[in-house]
Amino acid sequence: MLGIVSRKVLGQSLGRIRPAVWALRNYSSAEKQMTVRDALNSALDEEMSADPKVFLMGEEVGEYQGAYKISKGLLEKYGPERVLDTPITEAGFTGIGVGAAYYGLKPVVEFMTFNFSMQAIDHIINSAAKSNYMSAGQISVPIVFRGPNGAAAGVGAQHSQCYAAWYGSCPGLKVLSPYSSEDARGLLKAAIRDPDPVIFLENELLYGESFPISAEVLDSSFCLPIGKAKIEREGRDVTITAFSKMVGFALKAADILAKDGISAEIINLRSIRPLDTPTINASVRKTNRLVTVEEGFPQHGVGAEICMAVVEESFGYLDAPVERIAGADVPMPYAANLERMAVPQIEDIVRAAKRACYRSTAMAATA
């Protein structure tokens with residue numbers, strides 16, 4: 001009798017515990033997190049493990065494990081022949097990387113910031129980008145140029161520029177700009193496997209950000225297609241395009257807009273060149289409005305190219321003028337208060353979307 005009672009009590013206790021255990025398991029599975037830094041590190045590690053032709057080179061990528069710790073643990077695992085510390089000479093080691101790619105290796109060249117890629121732009125543009133065309137397809141240049149791009153915080157004009165539009169204007173290059181950990185893993189793998197030169201524009205302020213990540217993304221075979229944007233949030237009233245850090249700003253702006261009854265569709269471009277104009281135009285034909293967001297300078301920018309692509313293909317669907325949000329047309333100020341004014345903020349996106357929807361503050365007050 002005592003045994004029966006004990007089993008009954010134990011059963012009731014387990015009945016109360018099991019739902020809690022299952023809830024915990026489901027929660028941990030659904031909320032698996034990974035930082036952008038770890039996503040990039042794991043992608044490099046897996047591609048170097050899968051292909052002995054892949055190697056990493058740049059300033060402080062080895063002994064120091066990367067200025068931003070992207071290459072942490074790789075020197076110890078793969079040795080100094082595949083993780084090469086270079087002198088502070090971008091023109092020198094970029095040229096070596098391009099030459100290695102000519103001979104069939106797959107270099108990943110890290111710039112401590114893409115501002116320093118200006119020292120090596122001749123190798124990137126005239127050697128890497130044009131050789132396949134000029135050789136009638138006989139020479140492939142499978143090389144990745146990667147590093148932080150755009151504004152960080154308090155580093156001044158010479159370390160804060162966005163080069164998406166610069167490199168995006170050059171035929172022969174592919175230009176990628178990840179936002180989330182999924183983007184970072186999938187796009188870096190795609191870049192390393194691609195037979196053409198790829199500019200991989202990261203963001204310093206996103207390295208430490210954590211994002212939910214699925215088992216599919218963690219699989220070593222995971223890879224994202226180059227040239228395909230992602231709809232991060234569906235909406236019906238206005239399309240907002242963004243890339244890199246500005247995707248997060250756009251998503252936060254969408255939350256604010258939703259409180260005012262405006263449903264915003266957020267497109268994470270992922271790829272600057274090639275640009276996924278079909279996805280952008282399909283969204284605009286649904287929402288009939290467009291806001292483009294970028295950190296770079298407004299003149300000849302990524303947003304300008306998107307605006308023209310929509311005007312050319314979907315002009316008849318627009319119910320309002322296109323709104324373009326970009327960085328201020330000045331070198332980046334050093335002072336924190338001026339720096340904030342020079343970079344797009346969430347409230348700028350909100351105001352632009354409301355203008356596109358004819359819901360600006362002035363009109364609302366009049367009504």
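"Buried" here means under 20% relative accessible area, with exposed over 50% and partly exposed in between (1.4 Å probe, protein chains only).

A word on the source before the points. This is a predicted model, in which local features need pLDDT of at least 70 and side-chain atom pairs count only at pLDDT 80 or more, while totals for chains, interfaces and linings use all residues. Residues are numbered from 1 along each chain as its sequence is written, and side-chain values use heavy atoms, with hydrogens and water left out.

1. The overall tally. The protein has 15 helices and 14 strands; these are DSSP runs numbered from the N terminus, helices being H or I with at least four residues and strands E with at least two. Of its 367 residues, 50% count as buried. Take the contacts (heavy atoms within 4.5 Å) between residues at least 6 apart in sequence: 81% of them join residues at least 24 apart.

2. The seven-stranded sheet. The strand order is β3-β2-β4-β5-β7-β6-β12, in an open sheet with mixed pairing. Two strands pair here if DSSP finds at least two bridges between them. The edges belong to β3 (83-85) and β12 (271-273); each has a single partner strand, so one side of each is left without a neighbour in the sheet. On average, neighbouring strands are turned by 20° against each other, direction ignored. Angles such as this one are taken between axes, which are lines fitted to C-alpha atoms (for helices over the stretch in contact), and run from 0 to 180 degrees between N-to-C directions.

3. The β3 end. Strand β2 (residues 54-58) pairs with β3 in the parallel sense over three bridges, and G58 sits opposite D85 of β3. Helix α2 (residues 36-50) lies across β2, β3, β4 (106-110) and β7 (198-202), and runs at about 135° to β2.

4. Strand β7, worth a look if you like well-covered strands. Five of the five residues of β7 are buried, so it is largely enclosed by the rest of the structure. V198, F200 and E202 point one way and I199 and L201 the other. In a regular strand the side chains alternate between the two faces of the sheet. Strand β5 (residues 144-148) runs parallel to β7 and is joined to it by five bridges, with F145 partnered by I199. Strand β6 (residues 174-176) is also parallel to β7, through three bridges, and there K174 has V198 as its bridge partner.

5. V98. This residue is in helix α4 (residues 90-102) and counts as buried because its relative accessibility is 2%. Leaving out residues up to four places away in sequence, V98 touches H123, S127, A128, V141, I143 and F145. V98 and P197 are 99 residues apart in sequence, yet their C-alpha atoms are 9.1 Å apart in space.

6. Helices α10 and α14. Helix α10 (residues 245-259) packs on helix α14 (residues 346-356) at an angle of about 55°, with the axes 9 Å apart. That makes α10 oblique to α14 (under 35 degrees would be roughly parallel, over 145 roughly antiparallel, 65 to 115 roughly perpendicular, and the rest is oblique). The contact is made by F249, A250, K252, A253, I256 and L257 of α10 together with I346, I349, V350, A353 and K354 of α14.

7. S244, in the loop between β10 and α10, has a positive phi of about 60° although it is not a glycine. K69 is also not a glycine and has a positive phi of about 65°; its place is in the loop between β2 and α3 (74-78), and K69 is partly exposed, with a relative accessible area of 30%. Finally, the peptide bond from R273 to P274 is cis, with omega near 0°, and P274 is found in the loop between β12 and α11 (277-287).
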